[in-house]
Amino acid sequence: MKGKILACRCEDVTLHELEDAIARGHDDIESLKRYTGFGTGWCQGKSCLALCARVLAAKGGDASLPFTPRPPYHPVSLAHLAALVADDDEENEDSARDARDARDEHDGEDAPT
Amino acid sequence: MTLDGASIVADGDASLASALVAAGQLELARSPKFHRPRGPSCMRGGCDGCLVRLDGMPNVMSCMTRAKPGAKLERQNVVLSAKLDVLRAADWFFPDGMNHHEMFAGVPGVQDIMQSLARRVAGLGELPEHAVAAHTAIDDLTADVLIVGAGLAGLVAACVLGRLGLGVIVLDEGMRPGGSLLSFPEHAKVALGVDGAIVDIDELRANLVSEAASAGATFVAETTLLGVLEGGDWLGNGHDRGLVRVKARARILAVGAHDGVPAIVANDLPGVLSARAAGRLLREGVLIGDAPLVVGDGLHAEAFAAAAAGHGAKVQRASLASLQGARGLSRVRGAVLTEGSGTRKVSCDAVVVDAPCAPSFELAVEAGARVTHGEPGFSVVVDVDGRFGGAPSGDVGSRNSPLFALGEVTGAALDHAAFARAASRLGRAVAALVEAR
């Protein structure tokens, strides 16, 4: 049957492209990913990685390790992540205040009575 | 609601995606390079199929978003019209695919023109209409034990750990607890495991949920784990509510598995979807086709085929090995099967595939787990207690590691009795860890 077999649907990488890349020597998951771009789209490999690893192993490549998964696991908006920054600032202020307090206390102890 | 201005009627607490499919709207977006049509394929937040623009906001996963009155939905990435996307021509010009390392590269002038064109047409949707206010607060949760995933494994673990007197929080990205149990049609009769009796999926789910609740477990819905923070806290996205940060002595990943994807022609065609997705849609009241071809003989395929036939669908069956591909220009109109030394065309309006699921190993590896590669995918390696080593050492079964994995994420099949046995060993290890604090 003719037609495209999609190895990675988010980035439109075909099985043919994948096999071509393996034939060119990209025969481990990481270099195969870097060359074809599979697994770099919206789903970050959730739907394509297993299929690509299976194809690679069948072609005699090294599929022992996946590419490195990195956060966020699931798409998240910058508006959501902004809360982490606000929280960090607060923590920094807290620790700066703690440091100030500690210093004041220390100064107090050293001060001649 | 409206889709590109046309009225869509939804009822109950359906997801946007199921409301769209119910209204016959299967083709929702276009793929980035070839502008091939896209439609829902997993119904569990693991693919690009159901992305829509919602109220001026691009890239909303419609399978994970509740339908709401007055919602204004628009298709994304469509050039000209949904039915006739002019950039689909790229799909036909390049029957094998494109090698972007070589095509138009290094040709002065042409390269610049192609880059500027690619910048314009590639990508996902357009920027939001309005600026979005930043969230400023994080919901901080503390528990003895955090369980990620409220599917069969997560619920079984919550019951065991709750009964041991531990404070348990269960995070799940779904609207209701159940995970893949909710990917079976309602009241499906299934044998979950080799020695498992046939159970009613919804009775089992209801029993586990109420048992976990009476054991004191707290369920946090619509919260997707994003990753591990410095210091070991885990960060989740509580969807509309903002971020959730969980501090827990022990962390258990019961995140299940991704759909198996078959390497068949037009595996991305709208109407080709996993048996779990078809089951979930049916549970939400939507039959994906009047004449679906159900491929494979796994639990989900069997349950969906039986339920669809019960709803009056003309169900055809085929083996996974015999499926060569799907046919249709913008949605499934048929399939091609191997028969003897030749092929056979069948007419169908959906191809429902049950291929072996691939463990969702990603979060565990981020936390320091090792994986092994097998036919269905990468499985998290755990010791006899279900423990995996924490970063940075990566030692499997390090006695001090507070990290555990249970269920399909470890490569196990959906098996109630086996999960219960594993959960009871895991429970003893977790209890010892929390007491030793």
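Contact here means heavy atoms within 4.5 Å. By that rule, the contact between chain A and chain B takes 48 residues from chain A and 75 residues from chain B. The model is predicted: local features need pLDDT of at least 70, side-chain atom pairs count only at pLDDT 80 or more, and totals for chains, interfaces and linings use all residues. Residues are numbered from 1 along each chain as its sequence is written, chains are lettered from A and ligands numbered from 1 in the order in which they are written, and side-chain values use heavy atoms, with hydrogens and water left out.

The size of an interface is often given as the accessible area lost when the parts come together. Buried area is the accessible area (1.4 Å probe) that two parts lose on being put together, summed over both. Between chain A and chain B this area is about 4,900 Å². Carbon and sulfur atoms give 61% of that area.

Polar contacts also link the two chains. A polar contact is a pair of N or O atoms within 3.5 Å; within protein, one must be able to donate a hydrogen and the other to accept it, and residues adjacent in sequence count only if both atoms are side-chain atoms. Between chain A and chain B, 23 residue pairs are in polar contact, both residues being at pLDDT 80 or more. On the side of chain A that touches chain B, the elements giving two or more residues are α1 (15-23), α2 (29-36), α3 (49-58) and α4 (78-110) of chain A. Helices (H or I, at least four residues) and strands (E, at least two) are DSSP runs, numbered from the N terminus. The largest share of this side, eight residues, comes from α4(A). By class, this side has 28 nonpolar, eight polar and 12 charged residues. Ala, Val, Leu, Ile, Met, Phe, Trp, Tyr, Cys and Pro count as nonpolar, Asp, Glu, Lys and Arg as charged, and the others, Gly among them, as polar.

Side chains of opposite charge can pair when their charged atoms come close. A salt bridge is a side-chain nitrogen of Lys or Arg within 4 Å of a carboxyl oxygen of Asp or Glu. The whole structure holds 27 salt bridges over all chains. Across the interface of chain A and chain B, the rule finds five. A:R9 and B:D48 meet in a salt bridge through their side chains, at 2.7 Å from N to O. B:E102 forms a salt bridge with A:R24, with the closest N and O atoms 2.7 Å apart. This pair runs from the loop between α2 (89-93) and α3 (110-121) of chain B, which holds B:E102, to the loop between α1 and α2 of chain A, which holds A:R24.

Two local backbone features stand in chain A. A cis peptide bond joins A:P71 and A:P72, with omega about -5 degrees. A:P72 is placed in the loop between α3 and α4 of chain A. A:D12, a residue other than glycine, has a positive phi near 55 degrees. A:D12 is placed in the loop between β1 (6-8) and β2 (13-14) of chain A.

In chain B, B:D383 is placed in the loop between β26 (377-380) and β27 (403-405). A polar atom of the B:D383 side chain lies 2.9 Å from the backbone nitrogen of B:D385. The backbone nitrogen of B:R387 also lies 2.9 Å from a polar atom of that side chain.
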